[in-house]
Amino acid sequence: YNIQPSFLIGHVGYWGYVFKEAIFGQDKVDRLDICKSMIKEGIPISLHSDYPVTPLGALRMMEQAITRVMEGDPDVKANIDNNWTCEELDKYRLNGDEKICPEEALAAVTYNAARQCGAEEGVGTLTVDAAADFVILKENPIKMNATTAFMKMRYIKVLETWVNGTKVYPK
């Protein structure tokens with residue numbers, strides 16, 4: 001395919017509950033941010049934010065694509081610190097069939113995003129002759145899943161940031 005959709009995944013986390021309950025109804029929200037359907041068709045996706053409406057953050061966007069939990073749901077907000085089970089979270093997922101795995105989410109915020117901008121030759125991967133922009137994280141987000149990532153992946157501590165092969169954080 002010569003197309004690449006970019007999903008504003010904050011629709012799921014921040015606005016999913018409102019879209020489902022007040023605006024669209026279930027039949028239409030099941031067509032929002034159809035990440036897994038695109039990947040199954042062999043179409044690479046990227047994830048983006050409409051900052052300042054939804055916050056920036058690659059880990060946050062990955063988390064929302066992996067979990068698809070409507071954190072804007074009043075029941076979720078009231079129990080945000082709960083240690084949720086998969087079954088408990090399932091009833092708060094916006095079209096849970098569209099969840100993607102951590103590896104797919106990582107590709108969506110790295111290589112696929114660079115490809116969409118026509119920059120895949122220089123950024124988006126750690127390869128020879130690439131820009132060498134990367135972060136070192138305290139935890140491995142790839143080891144999280146649709147339950148363990150919820151409200152945790154976005155808070156993984158960044159230990160180091162490297163830009164063009166030079167450590168810029170911490171100095």
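Student: Which residues in helix 5 are buried?
Tutor: Leu-59, Arg-60, Met-61, Met-62, Glu-63, Gln-64, Ala-65, Ile-66 and Thr-67. Buried means under 20% relative accessible area, exposed over 50%, partly exposed in between (1.4 Å probe, protein chains only). Helices (H or I, at least four residues) and strands (E, at least two) are DSSP runs, numbered from the N terminus. This is a predicted model: local features need pLDDT of at least 70, side-chain atom pairs count only at pLDDT 80 or more, and totals for chains, interfaces and linings use all residues. Residues are numbered from 1 along each chain as its sequence is written, and side-chain values use heavy atoms, with hydrogens and water left out.

Student: Why is helix 5 called largely enclosed?
Tutor: Nine of the 10 residues in helix 5 (residues 58-67) are buried, so the rest of the structure largely encloses it.

Student: What covers them?
Tutor: The cover includes helix 1 (10-13), strand 2 (46-48), helix 8 (102-109) and strand 3.

Student: And what follows helix 5?
Tutor: Arg-68, with a positive phi near 55°.

Student: How many bridges join strand 4 and strand 5?
Tutor: Three, in the antiparallel sense. Trp-162 stands opposite Lys-167 in strand 5.

Student: Where is Thr-147?
Tutor: In the loop between strand 3 (134-137) and strand 4 (158-163). Thr-147 counts as buried because its relative accessibility is 16%.

Notes
Pairing = 2+ DSSP bridges. Contact = heavy atoms within 4.5 Å.
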